[in-house]
Amino acid sequence: MRALPQLGFAEAVKLASSRILDFKGRSRRSEFWWWMLIILVANWVFSLFISDLLVSSIISTIVMFFGLAATARRLHDADKSAWWVYISYALGIANNIFVATSPVMNKMMEEARSGFTDEKAIQKIFTSGASDFGISFIIGLLFFIFALIVFFMCLKDSEPQTTEYGDSPKYVYD
């Protein structure tokens, strides 16, 4: 058994983009991490130009969808279920939708944009929207926990043997 060389940036991005809707099989760490770099940069660039919270949440959800299949394949390569990333993604979407549609959260964003100048308005927002902040905190915390678990699973090396998800894309048997 020997390990194949690491994929370079162009090769990894080409491979990942050609499998953008392929949720089956396995992906090496190099393919996954280079592709996620592209996804995160694209998400950041879009966020620079969009100030509306709802539109920004929708765009972010769409952009992050393009990393979902690669993450599922990466988890498969580490012999883990893709359900971890599906649950994480669903929690992220739920939090984005909740924050973007909550009048309390939108008022807080308006205050943030103005530099939090009116202390009484901020206190009123916090006291009137304590339940919204609590719900958002719980969903956000669950999302963070699942995302952290997925992150650490994605760091794991490939399983050298064939698994239920297919042959190893990294290790070959001579």
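In this predicted model, the side chains of R74 and D77 meet in a salt bridge, with N and O 2.6 Å apart. Both residues belong to helix α4. They are separated by 3 residues, about one turn of the helix. R74 has a relative accessible area of 0% and is therefore buried. D77 also has a relative accessible area of 0%, so D77 is buried.

A further salt bridge joins R73 to E31, at an N to O distance of 3.0 Å. This pair connects distant parts of the chain. R73 sits in helix α4, residues 68-77. E31 sits in helix α2, residues 29-49.

D22 and R19 form another salt bridge. Here the closest N and O atoms lie 3.3 Å apart. The relative accessibility of D22 is 27%, so D22 counts as partly exposed. R19 reaches a relative accessible area of 17%; because buried means under 20%, R19 is classed as buried.

The pairs involving these residues are also connected. R19, D22, E31 and R73 are linked in a network of salt bridges. The salt bridge count comes to 8.

Definitions and conventions: Residues numbered from 1 in each chain as written. Predicted model: local features only at pLDDT ≥ 70, side-chain atom pairs only at ≥ 80, totals over all residues. Heavy atoms only, no water. Salt bridge = Lys/Arg side-chain N within 4 Å of Asp/Glu carboxyl O. Buried < 20%, exposed > 50% of the residue type's maximum accessible area, 1.4 Å probe, protein only. Helix = DSSP H or I, 4+ residues; strand = E, 2+ residues; numbered from the N terminus.
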